[in-house]
Number of protein chains: 2
Amino acid sequence: MDLKDLIPYQRAFDQYLETELKRFDAAGPLYSPIKYILSLPGKRIRPIMTLMSYHLFGNDFITALPQALTVETFHNFTLMHDDIMDAAPTRRGQPSAHINFGLNPAILSGDAMLILAYQYLIRDLTPAQLSAAVPMFSQVALDICQGQQEDMDFEFQQVVPIASYLDMIKKKTAILLGLSLSMGAVVAGASEESIKSLNDCGIAVGMAFQIHDDYLDAFGNPKMTGKQTGGDIINNKKTFLWLKACALGGVRVQQELISLNETQIDNPKAKIDRVLEIYRSLDLETHCIAQQHHYTTQAIDALNLVESTDEAKQRIFDLISLLLGRNH
Amino acid sequence: MDLKDLIPYQRAFDQYLETELKRFDAAGPLYSPIKYILSLPGKRIRPIMTLMSYHLFGNDFITALPQALTVETFHNFTLMHDDIMDAAPTRRGQPSAHINFGLNPAILSGDAMLILAYQYLIRDLTPAQLSAAVPMFSQVALDICQGQQEDMDFEFQQVVPIASYLDMIKKKTAILLGLSLSMGAVVAGASEESIKSLNDCGIAVGMAFQIHDDYLDAFGNPKMTGKQTGGDIINNKKTFLWLKACALGGVRVQQELISLNETQIDNPKAKIDRVLEIYRSLDLETHCIAQQHHYTTQAIDALNLVESTDEAKQRIFDLISLLLGRNH
């Protein structure tokens, strides 16, 4: 699969989103930050997953467009509020919503986005579908807030157990991919088993994706990723690699890593080089690849349980490969 | 009716809330600000309205407890986020959530409350009830965000037309009372006509209540209200009275009122006295009472259309009288 295979889904979603954003034009200032953040260039991975998930069970995947818009709107709501909490000045290369519009509009329009996500969720659903979709979405939404809370709590802790880190990224990142992939199946009226397998698959993809992201920050090729190596190291982020190094390196390495974070940085390059040296000495590249492989295998196993055609499932296999930057 | 007639509803609600809050104890820091704000002493008017509304159609009003908790949780979510936006240091005599816990927890826990409100909303409902309740609640929630937006926009405008002010308070305050009163009827399986009439009744009560609140700030007895006269005047709030004075007083009075707001206050008492003098010269007390009477009549007319017993309706008439501080 390459990017052009995503075009039918992307195009359908973009058209649907555009119609929705046009409605916002006459709706006043509450909708300006919403339109702004939803118009920033994005890969639309989550809504594409929802449409592909529907496509496992029926050809008219545009039926799932409202729920595709739910996951995208909800995701962007979390970005808008997280950017306030993280004091992040930019988002996708543009000023964050709270920088562009101010704190109050970013809070209030974010709230409105969360409600809009529910409005899209129930659009055109039967009462039976609705009574499955609303609790599913609500539980994921609440768990994502819990993930953000844990991420903020971790900042005040010197070291965090790897298991707690994995649990946090599961909540903060992975379960929304689980929801994106299962929601299309709910709309298509798939069996509970298939819905559950798609949810498991999406969660495993999300875990692999986050580990891959942590990996790329340390070992990625800046020319390929478009990001400078070591951003997480400079920002003292407790990534999988950093925590794994603390866990594997013994007391001495752990103390050095903590002390590197607690010391005022005069020479960022020297800090990055030293941390990467520690990572290499502990062979973390191999650990990362093994951990990612573990989740990728989980994702594929789960997808194999879905009751659909091999051809339809292949599209999702291919999307997973594309997301994780590898071709199986 | 006096306060003791509310006790059965209040007690049922408080017990239900307490059970819910106990679950939060083990749920970590995300739930601390939620527990805090929901534990502040409040009159619980909205959940009582939901229970009374159910009681119009069935005796087992505890059936509507989850939805009573929805309106109370949603209301407190708006308070938590509004207090950030208004930079309000206190709430019900205690530090606001963002003062007590910090900005980020107040944003994130507020978000979680909005999701919790949906979780309570759908609790124990049939698919058919759910498919009525979720869109109803979502629309009201979104309109309330719109009301808060308009209230914030008004701060940057010198004068606002009375019709715009009434439309804003309808969204910001009144429609949640409409929802509180109609939601119990939805849970009880009442007719669409009765649901609509209760919604109309609640909205009219909310309008009357807000006008009454504006009135008390200027003409209330501080010994009765527990609030200093003129708080709105000192805070330059565009209340019904202030806008009515601008509308009735002609260009000269309007300019004086604007100039009083734009001038640095050295002597708050002199400002209050002068504004009250203007209000009295325009007989605003009479205008307020007439406007409140208009809405109270609307509320009673709407309630009369509800298909229930006179005895059950009398409980709501009495609650309205109690709320508006008068005995009919």
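How are helix 7 of chain A and helix 6 of chain B oriented to each other, roughly parallel or roughly antiparallel? Hi everyone, let's start there. One reminder before we go on: what you have on the screen is a predicted model.

The axes of these two helices, helix 7 (residues 127–154) of chain A and helix 6 of chain B, come within 10 Å and cross at roughly 160°. Angles over 145 degrees count as roughly antiparallel, so helix 7 of chain A and helix 6 of chain B are roughly antiparallel to each other. The crossing of helix 7 of chain A past helix 6 of chain B is left-handed. If you want to click along, the chain A residues in this contact include V134(A), P135(A), S138(A), L142(A) and M152(A), and among their partners on helix 6 of chain B are N104(B), L108(B), I115(B), Y118(B) and I122(B).

Now let's zoom out to the whole contact between the chains. How many residues does each chain give? Chain A contributes 31 residues and chain B contributes 31 residues. On the chain B side, helix 4 (65–85), helix 6 (103–122) and helix 7 (127–154) each give two or more residues. Helix 7 of chain B supplies the largest share of that side, with 15 residues. Sorted by class, the chain B side has 20 nonpolar, 9 polar and 2 charged residues.

Next, let's stay inside chain A. Where they meet, 26 residues of domain 1 of chain A are in contact with 32 residues of domain 2 of chain A. On the domain 1 side, the elements giving two or more residues are helix 3 (45–55), helix 4 and helix 6 (103–122) of chain A. Which of them gives the largest share? That is helix 3 of chain A, with 9 residues. The domain 1 side is made up of 14 nonpolar, 9 polar and 3 charged residues.

Here is another helix pair, this one within chain A. Helix 9 (residues 192–219) of chain A packs against helix 15 of chain A at an angle of about 160°, with the axes 8 Å apart. Helix 9 and helix 15 of chain A are therefore roughly antiparallel to each other, and helix 9 of chain A passes helix 15 of chain A in a left-handed crossing. From helix 9 of chain A, the contact includes S197(A), A204(A), I211(A) and F219(A), and from helix 15 of chain A, it includes E285(A), C288(A), Y295(A) and L303(A). The class count here is 13 nonpolar, 6 polar and 2 charged residues.

Last, two backbone details for those of you who like torsions. Most residues other than glycine have a negative phi. A87(A), however, has a positive phi, near 50°. A87(A) sits in the loop between helix 4 (65–85) and strand 1 (90–91) of chain A. Is A87(A) buried or exposed? A87(A) counts as exposed because it has 10 C-beta neighbours inside 10 Å.

D283(A) also has a positive phi, near 55°. The place to look for D283(A) is the loop between helix 14 (268–281) and helix 15 (284–304) of chain A. D283(A) is exposed, with 10 other C-beta atoms within 10 Å. Thanks, everyone!

Terms used
Residues are numbered from 1 along each chain as its sequence is written. Chains are lettered from A and ligands numbered from 1 in the order in which they are written. This is a predicted model: local features need pLDDT of at least 70, side-chain atom pairs count only at pLDDT 80 or more; totals for chains, interfaces and linings use all residues. Helices (H or I, at least four residues) and strands (E, at least two) are DSSP runs, numbered from the N terminus. A residue is buried if 20 or more other C-beta atoms lie within 10 Å of its own, exposed if 12 or fewer, and partly exposed in between; C-beta atoms are placed from the backbone. Two residues are in contact if their C-beta atoms, placed from the backbone, lie within 7 Å. Ala, Val, Leu, Ile, Met, Phe, Trp, Tyr, Cys and Pro count as nonpolar, Asp, Glu, Lys and Arg as charged, and the others, Gly among them, as polar. Axes are lines fitted to C-alpha atoms, for helices over the stretch in contact, and angles run from 0 to 180 degrees between N-to-C directions. Angles under 35 degrees count as roughly parallel, over 145 as roughly antiparallel, 65 to 115 as roughly perpendicular and the rest as oblique. A crossing is left-handed if the near helix is turned anticlockwise from the far one by less than a right angle, and right-handed if clockwise.
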